[in-house]
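These are my notebook entries on a structure that I went through by topic. The sequence and the model come directly below.

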Amino acid sequence: MTLEHFMNDAISPWMRDEGPDSDIILSSRIRLARNIADVPYPVIAEEGKLEELRHFFQREFGNQSFQHYNNFEFIPMRDLSSIENRVLVEKHLISPNLTKHTNESGALISENEQVSIMVNEEDHLRIQLYLPGLQLRYALEKVFEIDDWLEEKVNYAFDEKRGYLTTCPTNVGTGMRASVMMHLPALVMTRKMNRMMPAINQLGLVVRGIYGEGSEALGNIFQISNQITLGKSEQDIVEDLESVVNQLIEHEREARNMIMRESPIALEDRVFRSYGVLAYSRVIESKEASSCISNVRLGIDLGIIKDTSRSILNELMVLIQPGFLQHYAKKTLTPKERDVLRASLIRERLKLEK
């Protein structure tokens, strides 16, 4: 397996599967922050120490398998071009922060792209595991198994009172971030989402865009995650998040039913106009494409558009991003050139669905 394995397909293999509430929940993710005992944190460590750590994980875990997570490929950041970095970020296999530490960092990624272990990001290790749909509890169980597998060969920095020790104080304790990626077009259309966000924040959760902190909610996709890592167990954090997510699912379904009941023609017009833009445009910007993809996905979920797979949203949302477009073209593109190629790839993808 090589880097090309992760670069060629816009959609990760696990994303083709459906999980509970997949019409609204795109994915569940658990991420653990871990540091190695007696090794300085990445922000203060000498580059040589971090390179030793990178070589250790490449040697001990590269090309290894654990349970059904086969063939972990170790990818050194120093070997990647800026476009390759961007594609891995767009596929959520690495964080934007990891790309800033090119000399001493790397990532272990499983063949099915479900597990990614970032080495020397903000912490020595950032372990993340994805599952389709709402499967936070199962994701927590599986990521703990990955965590135990790694801990067989390393000692974590851990304090009996404070828990896992991390670079940023906000991660101390469990070192865990649990998150779900939600498609909430009806709540946005009915202008309820903006009213809900302050209430969600007051519950110790945070609402972000599709690529996490500082990113925009493109295509009506929101990432909901915990803020508190200290003073609660991992199970309690997951239960609290799941409770709020279930309420959002209920509100989104109610909003969809209300729109279908009160404005069915307007909704159909919105969905089919968006489909027409995607199917026939010769030039399209990413923001417009994201909005149209969201509308089409809603139309698929509500049965307005038939014979088109639900996973098209997941695929197209990566396909239209700048990094993937330039990787596909095998060269750097201007914004205008990306808009033309984006429209072409969307048209081709929609034709394959017929």
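**Entry 1. Salt bridges**

I began with the term: a salt bridge is a side-chain nitrogen of Lys or Arg within 4 Å of a carboxyl oxygen of Asp or Glu. The model is predicted, so local features need pLDDT of at least 70 and side-chain atom pairs pLDDT 80 or more, while totals for chains, interfaces and linings use all residues. Residues are numbered from 1 along each chain as its sequence is written, and side-chain values use heavy atoms, without hydrogens and water.

By this rule I have 22 salt bridges. I looked up Glu-121 and Arg-126, whose side chains meet in a salt bridge at 3.2 Å, N to O. Both residues are buried (under 20% relative accessible area; exposed is over 50%, partly exposed in between; 1.4 Å probe, protein chains only). Salt bridges with shared partners join Glu-121, Glu-122, Asp-123 and Arg-126 into one network.

I then turned to Glu-51 and Arg-78, which form a salt bridge of 3.2 Å, N to O. This pair links distant parts of the chain, 27 residues apart: Glu-51 belongs to helix H2 (residues 47–61), and Arg-78 to the loop between strand S2 (73–76) and helix H3 (82–90). Helices (H or I, at least four residues) and strands (E, at least two) are DSSP runs numbered from the N terminus. Arg-78 is partly exposed, at 41% relative accessible area.

A further salt bridge joins Glu-60 and Arg-59, with the closest N and O atoms 3.4 Å apart. Glu-60 is partly exposed at 23%, whereas Arg-59 is exposed at 53%.

**Entry 2. Two buried loop residues**

I located His-124 in the loop between strands S4 (115–119) and S5 (125–132). Its relative accessible area is 0%. The side chain of His-124 reaches the backbone oxygen of Pro-40 at 2.7 Å. I count this as a polar contact (N or O atoms within 3.5 Å; within protein, one must be able to donate a hydrogen and the other to accept it, and residues adjacent in sequence count only if both atoms are side-chain atoms). Beyond four places in sequence, its contacts (heavy atoms within 4.5 Å) include Arg-34, Tyr-41, Leu-53 and Met-118.

Ser-12 lies in the loop between helix H1 (3–7) and strand S1 (25–34), and is buried at 1%. A polar contact of 2.5 Å joins its side chain to that of Glu-113.

**Entry 3. Helix H6**

Which residues of helix H6 (residues 193–202) are buried? I found Met-193, Met-196 and Ile-200. They lie on the same side of H6, because they cover an arc of only 60° around the axis, taken from the directions from the helix axis to the C-beta atoms. The face turned away carries the exposed residues Asn-194, Arg-195 and Gln-202. The buried residues pack against helix H5 (185–189), strands S9 (205–208) and S10 (221–226), and H7. Gly-204, which follows H6, has a positive phi near 85°.

**Entry 4. Nonpolar core**

A nonpolar core is a set of buried Ala, Val, Leu, Ile, Met, Phe, Trp, Tyr and Cys residues joined through side-chain atoms within 4.5 Å. The largest one has 104 residues, and Ile-30 and Phe-57 are among those with the most contacts inside it. Helix H7 (residues 234–262) supplies its largest share, nine residues. Among the residues that Ile-30 touches, I noted Ile-127, Leu-136, Val-143 and Val-238.
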